[in-house]
Amino acid sequence: MHWMIYAAVAIVLWGVNGLFMKLGTNRVSARSMVIWVTAGFVVLLPWMWRLTGLAGLSTRVILVGLIAGAVNGLGNWAVFACLEKGAKASVAIPLTALYPLCTVALATAFLKERPTALQWIGIALAVAAGAMLSYEPEPATAPKEQLSCVR
Amino acid sequence: MQTDNKRFPDWLWYALLCIFWWGLWGFLSKIGSVAASPLQMQILFTLGMLPVAGGMLLHMRGKLDRDRVGISYGLLSGIATGLGTLGYFAALREQDASVVTPLTGVFPILTVALAFVVLRERLNKVQMGGMLLALASIVILST
């Protein structure tokens, strides 16, 4: 299957997640929501474990996967710390949505990825779009509610 | 806490730290996805996230909200995100992280659209502009 179809699955499901986050944070705090979302990940574990195991994976790959999960969680923690240190959500949330810039920098530097000129244009548009779509003006409290547990 | 009088306020450090952590997540996801299947990556991702979530829970000192409807949305949110992440890892197996991660980062386009349709929230002009840019980026990056 074309990679774009897989990416579309991520966009659709993460987009739906954003709606659940909005609805959920009407009832519980955003911090509590992160915990319950993580519980949702755990709900999937037995199903995933039945379909596959970790046999055959090198220690290095296992470590990379575990650290990937940990740094994603640390990103969630940093958003809360940022807002608690007095950041305006209307500034902080779109700002943190610029995270793909960091991935692009790391991937081009260390994985020798070389996007074409056209792809660079697409990347720039996508990053700008991610930040702009995350913008909700003050004093609405909604931007805090857009926090997602992933990305 | 008012720290905005500093040239480089504390909150900005945390925002940059967040960008770094999430950016590193995309980078590590690519490295892992080359060798592990999306399901294996999601298992490892979940296990790796648990200690951090546990730390957050401890830090909250028992202030975990237990509204039943809220919990249901949280669990649904986790399931949707987890399944979506399988798509992300699958895309990373076949395409560069520098292309996939910015592209999947436009996911709020659907949140904004759903909030407009389901919750009757209004779209602001910045978001409308973001939608146009997102659609343009999808078209460009899919070619």
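This is a predicted model: local features need pLDDT of at least 70, side-chain atom pairs count only at pLDDT 80 or more; totals for chains, interfaces and linings use all residues.
# Report on a two-chain helical model

In chain B, the helices α2(B) and α3(B) are oblique to each other.

## A helix pair within chain B

Helix α2 of chain B covers residues 38–59, and helix α3 of chain B covers residues 68–94. They pack at an angle of about 125°, and their axes are 9 Å apart. An angle counts as roughly perpendicular from 65 to 115 degrees and as roughly antiparallel over 145, so α2(B) and α3(B) are classed as oblique. The crossing in which α2(B) passes α3(B) is right-handed.

The residues that meet can be named. From α2(B) come B:Pro38, B:Leu39, B:Met41, B:Gln42 and B:Phe45, and they face B:Gly82, B:Thr85, B:Leu86, B:Phe89 and B:Ala90 of α3(B). Sorted by class, this contact contains seven nonpolar residues, three polar residues and no charged residues.

Chain B is also divided into domains, with domain 1 spanning residues 1–95 and domain 2 spanning residues 106–143. Their C-alpha centres lie 22 Å apart.

## The overall form of chain A

Chain A contains seven helices and zero strands. Followed along the sequence, its pattern is α-α-α-α-α-α-α. A box of roughly 50 × 45 × 30 Å, taken along the principal axes, is filled by the C-alpha atoms of chain A. Of the 151 residues in chain A, 60% are buried. Among the contacts of chain A that link residues at least 6 apart in sequence, 78% join residues at least 24 apart.

## Where the two chains meet

How many residues of chain A are in contact with chain B? There are 104 such residues in chain A, and they are in contact with 103 residues of chain B. On the side of chain A that touches chain B, the elements giving two or more residues are α1 (3–24), α2 (30–51), α3 (59–84), α4 (89–96), α5 (100–110) and α6 (117–133). The helix that gives the most is α1(A), with 20 residues. By class, the residues on this side of chain A comprise 74 nonpolar, 24 polar and six charged.

| Helix pair | Angle | Axes | Orientation | Crossing |
|---|---|---|---|---|
| α2(B) and α3(B) | about 125° | 9 Å apart | oblique | right-handed |
| α2(A) and α3(B) | roughly 55° | within 7 Å | oblique | right-handed |
| α3(A) and α1(B) | about 160° | 8 Å apart | roughly antiparallel | left-handed |

The axes of α2(A) and α3(B) cross at roughly 55°. Angles under 35 degrees count as roughly parallel and those from 65 to 115 as roughly perpendicular, so this pair is oblique. On the side of α2(A), the contact is made by A:Met33, A:Trp36, A:Val37, A:Thr38, A:Ala39, A:Gly40, A:Phe41, A:Val43 and A:Leu44. The partners in α3(B) include B:Ile71, B:Gly74, B:Leu75, B:Leu76 and B:Ser77. This contact has 11 nonpolar, seven polar and no charged residues.

The second pair joins α3(A) to helix α1 of chain B, residues 10–35, at an angle of about 160°. This value is over 145 degrees, so α3(A) is roughly antiparallel to α1(B). Here the contact consists of 22 nonpolar residues and five polar residues, with no charged residues.

Most residues other than glycine have a negative phi. Which kind of phi value does A:Lys112 have, and where is A:Lys112 placed? Its phi is near 60°, a positive value in a residue other than glycine, and its place is in the loop between α5 and α6 of chain A. A:Lys112 is exposed because 8 other C-beta atoms lie within 10 Å, and a residue with 12 or fewer is counted as exposed.

In chain B, B:Arg120 has a phi near 55°, likewise positive in a residue other than glycine. B:Arg120 is in the loop between α5 (108–117) and α6 (125–142) of chain B. With 7 C-beta neighbours inside 10 Å, B:Arg120 also counts as exposed.

A:Ser90 belongs to helix α4 of chain A. Is A:Ser90 buried, partly exposed or exposed? It has 19 C-beta neighbours inside 10 Å, whereas a buried residue needs 20 or more, so A:Ser90 is partly exposed. From A:Ser90 to A:Glu113 there are 23 residues in sequence and 33 Å in space, C-alpha to C-alpha.

How values were computed
Residues are numbered from 1 along each chain as its sequence is written. Chains are lettered from A and ligands numbered from 1 in the order in which they are written. Two residues are in contact if their C-beta atoms, placed from the backbone, lie within 7 Å. Helices (H or I, at least four residues) and strands (E, at least two) are DSSP runs, numbered from the N terminus. Ala, Val, Leu, Ile, Met, Phe, Trp, Tyr, Cys and Pro count as nonpolar, Asp, Glu, Lys and Arg as charged, and the others, Gly among them, as polar. Domain bounds come from an automatic or database domain assignment. Axes are lines fitted to C-alpha atoms, for helices over the stretch in contact, and angles run from 0 to 180 degrees between N-to-C directions. A crossing is left-handed if the near helix is turned anticlockwise from the far one by less than a right angle, and right-handed if clockwise.
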